[in-house]
Amino acid sequence: MSDMQEGQAIGGRAMESMTGRLLVATPALKDPNFDRTVVLLVAHEPGGALGVVLNRATEVPVADVLGDWSDLARHPAVLFEGGPVQPDSAICLARMRHPIKPLKGFHRVSGAVGTIDLSVDPERLRDAIGGIRVFAGYSGWGAGQLEREIEEGSWFVLDALPGDAFVDRPDDLWPMVLRRQGGMMAAVAHFPPDVALN
């Protein structure tokens, strides 16, 4: 394959979508917005990518912001910082109990996990949904930006498990995801937060 064809494959429609996969910050990533983060990509297209940070819980209860939805929120039932873009907007991830059945207002990301339209009546969804997590803001990348960051070594691209977005201890998600990869990647989980201090 020539360089020109390869470039077209990366920038054109031949690009493989990473929707539903995890971006795990490497120790080389210097942006404090993403230090030791685990991001679930909810959309990845030639025009760019959008994801939410799974391991940055706030202290704001979901009940304070979206009272009707709070019963469906998984522990910890707080808002999460989804990323630095539009922090006043909310993205809601949900895990369906029966992923086969189509559900109005639910947009599948991967398997039983997807985004849910918060304008839908939560009572209608109570039996279909096993839990939600609400994110204030999101993480966004323009066309080709994420691919460049991956090539530069800022992110590991890893498979997500259905429960990753809903873990009870989100602070432990970064080392947990790395450890389950085994080998050298598991060793990265033990890196100190600031290597310069050692």
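Is Arg21 buried, exposed or partly exposed? At 28% relative accessibility, Arg21 counts as partly exposed; buried means under 20% relative accessible area, exposed over 50%, and partly exposed in between, with a 1.4 Å probe and protein chains only.

Good morning, colleagues. The structure under discussion is a predicted model, in which local features need pLDDT of at least 70 and side-chain atom pairs count only at pLDDT 80 or more, while totals for chains, interfaces and linings use all residues. Residues are numbered from 1 along each chain as its sequence is written, and side-chain values use heavy atoms, with hydrogens and water left out.

I begin with the overall picture. The protein has six helices and ten strands; these are DSSP runs numbered from the N terminus, helices being H or I of at least four residues and strands E of at least two. Of its 198 residues, 42% count as buried. Among contacts with a separation of 6 or more, 65% are between residues 24 or more positions apart, a contact being heavy atoms within 4.5 Å.

Let me return to Arg21. Its salt bridge partner is Asp159, with the closest N and O atoms 3.1 Å apart; a salt bridge is a side-chain nitrogen of Lys or Arg within 4 Å of a carboxyl oxygen of Asp or Glu. Asp159 lies in the loop between β10 and α5 and Arg21 in the loop between α1 (3–11) and β1, so the pair ties together parts that are 138 residues apart in sequence. Asp159 is exposed, at a relative accessible area of 53%.

The structure holds five salt bridges. Another of them joins Asp164 and Arg180 at 2.6 Å, N to O. Here Asp164 is buried, with a relative accessible area of 3%, whereas Arg180 is partly exposed, at 31%.

Which residues do ring pairs link into a cluster? They are Phe34, Trp141 and Trp155. Rings of Phe, Tyr and Trp (its six-membered ring) pair if their centres lie within 6.5 Å; planes under 30 degrees apart count as stacked, over 60 as edge-to-face and the rest as tilted. By this rule the count comes to four aromatic pairs. One of these is the tilted pair of Phe80 and Phe135, at 5.8 Å centre to centre and 55° between the planes. Phe80 belongs to strand β5 (residues 78–81) and Phe135 to strand β9 (residues 129–142), 55 residues apart.

Thr37 sits in the loop between β1 and β2 and is buried, with a relative accessible area of 0%. Although Thr37 and Trp155 are 118 residues apart in sequence, their C-alpha atoms are 9.6 Å apart in space.

Finally, I come to Glu147 in helix α4 (residues 145–151). Glu147 is buried yet has no salt bridge, and the nearest side chain of opposite charge, Arg148, is 6.6 Å away; in this count Lys and Arg are positive and Asp and Glu negative, with His and the chain ends not counted. Thank you for your attention.
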